[in-house]
Amino acid sequence: MKRRRVLFIRLSQFRIFLRKLVVTLASISAFGLVILSKADNAHLNTTEDMVSRVLNPVIRVMQLPADGAYYLYEKIRDVVRVYADNNTLRNQEERVYYLEQKLQALKIENELLSEMLNYIPPEEADFVTAKVIASEGDGFSHSLIAYIADVKSVKKGQVVLHKKSVIGRIDSVHGSYVRILLVTDINSKIPVVIERTRAKGILSGNNTSVMNLLYTAPKADIVRGDQIVTSGVGGIFPSGLSVGYVSKVSSSSIEVEPIEPIETVEYVKIVNYGSYEDFFDEDCN
């Protein structure tokens, strides 16, 4: 108990000493400030200069990490901004490329349709335009599948044109889709004439990219480059429609190529000549 009491007394005395020391230091500081305020400004300026000379390098050294960190932050922010701008430009470039491709497709489509409009069918005929969506080309058949919205006006047997030439006829109609039997199909037989000499024959497909001209007169004047047109015989195709041109003449065969490569066809024109509808209706029945 006595030891604790002594320790408590000593602590109390130490606290009293600290209070007196603080008061004394505060008084001395206040006195010193009063003296400094009345002292010569030149001495103060000299002291300030000395302090500044000593502290400025230290402050600069201490600022280097902060400046470096700020510089690094600005660089990172610039990189992020450039990356974002590149993504934006890339997206814009892709959109521009897409629009260019779409514009090119529309341009080609417009040219194809414009070329098709150059052909003027007879007054009694009307036509609809259909888009080709698939092709069937193998050793057994050559045909196209086309989509058409106004399917009511399309019937089996109607003539199918591409630009100015015949490429086939409607073989069947299924809903909004039609199957087109091409002139290159082995089942296609078209009565034709040589436009230059009016020599007659039958143009037959053989399931290749060319056709054969059959049943011509033995001494018929046929040379390479002669244009082949429909004769109108049989009532299937009207007369005067271009089908192809002679590409090869030999002693064993006469080959005919279509005016335009059929594999590049994208749009076709289905022509209704009216006067042949009853013929095909009876054939279907």
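Predicted model: local features only at pLDDT ≥ 70, side-chain atom pairs only at ≥ 80, totals over all residues.
Strand S1 gives the most to the lining of the largest pocket, contributing five residues. Among the stops are Thr-184, which is buried, and Lys-200, which is exposed.

**The largest pocket**

- The space in the largest pocket comes to about 310 Å³.
- By residue class, the lining of the largest pocket splits into ten nonpolar, seven polar and four charged residues.

- You will find Thr-184 in the loop that runs between strand S5 (177–182) and strand S6 (189–194).
- Is Thr-184 buried or exposed? Thr-184 has a relative accessible area of 3%, and it counts as buried because that value is under 20%.
- The side chain of Thr-184 makes a polar contact, at 3.0 Å, with the side chain of His-142.

**Glu-74 in helix H2**

- Glu-74 belongs to helix H2, which covers residues 41–117.
- The relative accessibility of Glu-74 is 18%, and Glu-74 counts as buried because the cut-off is under 20%.
- Which side chain does the side chain of Glu-74 contact? Its polar contact is with the side chain of Arg-77, at 2.7 Å.

**Lys-200 in strand S7**

- Lys-200 is part of strand S7, which spans residues 200–205.
- With a relative accessible area of 55%, Lys-200 counts as exposed, because exposed means over 50%.
- Between the C-alpha atoms of Lys-200 and Tyr-215 there are 7.9 Å, while the two residues are 15 residues apart along the chain.

**Rings and charges**

- How many aromatic pairs does the structure hold? There is one aromatic pair.
- The ring of Phe-127 has the charged end of Lys-269 sitting over it, 4.6 Å from the ring centre.

Technical notes:
Residues numbered from 1 in each chain as written. Heavy atoms only, no water. 1 Å grid on protein atoms, 1.4 Å probe; cavity = no way out; pocket = protein on both sides within 12 Å on 5 of 7 lines; lining within 4 Å. Points joined across faces, edges and corners; volume = space filled by probe spheres on them. Helix = DSSP H or I, 4+ residues; strand = E, 2+ residues; numbered from the N terminus. Nonpolar A, V, L, I, M, F, W, Y, C, P; charged D, E, K, R; others polar. Phe/Tyr/Trp six-rings, centres within 6.5 Å; stacked < 30°, edge-to-face > 60°. Lys NZ or Arg CZ within 6 Å of the ring centre and 35° of its normal. Buried < 20%, exposed > 50% of the residue type's maximum accessible area, 1.4 Å probe, protein only. Polar contact = N/O pair within 3.5 Å; in protein donor to acceptor, adjacent residues only side chain to side chain.
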